[in-house]
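This note is intended for a colleague who is meeting the structure for the first time. The numbered points below may be read alongside the sequence and the model.

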Amino acid sequence: KVIGEGSYGRALLATDKRDGQLIVVKEISFANLTEQERNDARKETMILSLLNHPNRRLPHHKELPAYPP
């Protein structure tokens with residue numbers, strides 16, 4: 001279920017198959033991003049991976065083909 005959309009992608013409400021918890025998945029479309037914007041998105045993922053908070057799950061970074069609009 002899409003719960004938000006922004007300039008670079010969308011936020012999806014999902015269920016973690018490991019434990020049934022609701023999670024938010026941030027999906028970023030690189031299709032229309034400049035190389036600098038792509039690098040910034042990768043840096044954001046790296047920075048988020050350094051955060052330590054009980055409500056944060058480890059980010060999984062996968063670059064997939066663009067999703068349909």
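1. The model is a predicted one. R56 lies in the segment after helix α1, which spans residues 35-50. With a relative accessible area of 24%, R56 is partly exposed, because the buried class requires a value under 20%.

2. As to overall composition, the protein contains one helix and three strands. From the N terminus on, the order of these elements is β-β-β-α. Of the 69 residues, 12% count as buried. The accessible surface comes to about 5,900 Å², and carbon and sulfur atoms contribute 55% of it. Among contacts with a separation of 6 or more, 22% are between residues 24 or more positions apart.

3. The three strands make up an open sheet in the order β1-β2-β3, with antiparallel pairing. Strands β1 and β3 are the edge strands, each pairing on one side only. From one strand to the next, the twist averages 25 degrees. In general terms, strands of a sheet pair through backbone hydrogen bonds.

4. Which strands form the hairpins, and how many residues lie between them? Strand β1 (residues 2-5) and strand β2 (residues 9-15) are antiparallel and joined by three bridges; they form a hairpin with three residues between them. Within this pair, E5 stands opposite R10 of β2. Strand β2 and strand β3 (residues 22-28), also antiparallel, are joined by seven bridges, and T15 stands opposite L22 of β3. The hairpin of β2 and β3 has six residues between its strands, and G20 in the turn has a positive phi of about 80 degrees.

5. On the surface, I3, L13, L22 and V24 form a nonpolar patch whose accessible area together is about 370 Å². One of these residues, I3, is found in strand β1. I3 counts as partly exposed because its relative accessibility is 45%.

6. A search of the whole structure finds three salt bridges. In one of them, the side chains of E27 and R10 meet at 2.5 Å, N to O. This pair links distant parts of the chain, with E27 in strand β3 and R10 in strand β2, 17 residues apart. Both partners count as partly exposed: E27 has a relative accessibility of 24%, and R10 has one of 22%.

7. D16 and R18 form another salt bridge, their closest N and O atoms being 2.7 Å apart.

Technical notes:
Residues are numbered from 1 along each chain as its sequence is written. This is a predicted model: local features need pLDDT of at least 70, side-chain atom pairs count only at pLDDT 80 or more; totals for chains, interfaces and linings use all residues. Side-chain values use heavy atoms; hydrogens and water are left out. Two strands pair if DSSP finds at least two bridges between them. Helices (H or I, at least four residues) and strands (E, at least two) are DSSP runs, numbered from the N terminus. Patches are made of residues with over 30% relative accessible area and no salt bridge: like charges are joined within 9 Å, nonpolar side chains (Val, Leu, Ile, Met, Phe, Trp, Tyr) within 5 Å. Accessible areas come from the Shrake-Rupley method with a 1.4 Å probe; for residues, only the protein chains shown count as cover. A salt bridge is a side-chain nitrogen of Lys or Arg within 4 Å of a carboxyl oxygen of Asp or Glu. Buried means under 20% relative accessible area, exposed over 50%, partly exposed in between (1.4 Å probe, protein chains only). Axes are lines fitted to C-alpha atoms, for helices over the stretch in contact, and angles run from 0 to 180 degrees between N-to-C directions. Contact means heavy atoms within 4.5 Å.
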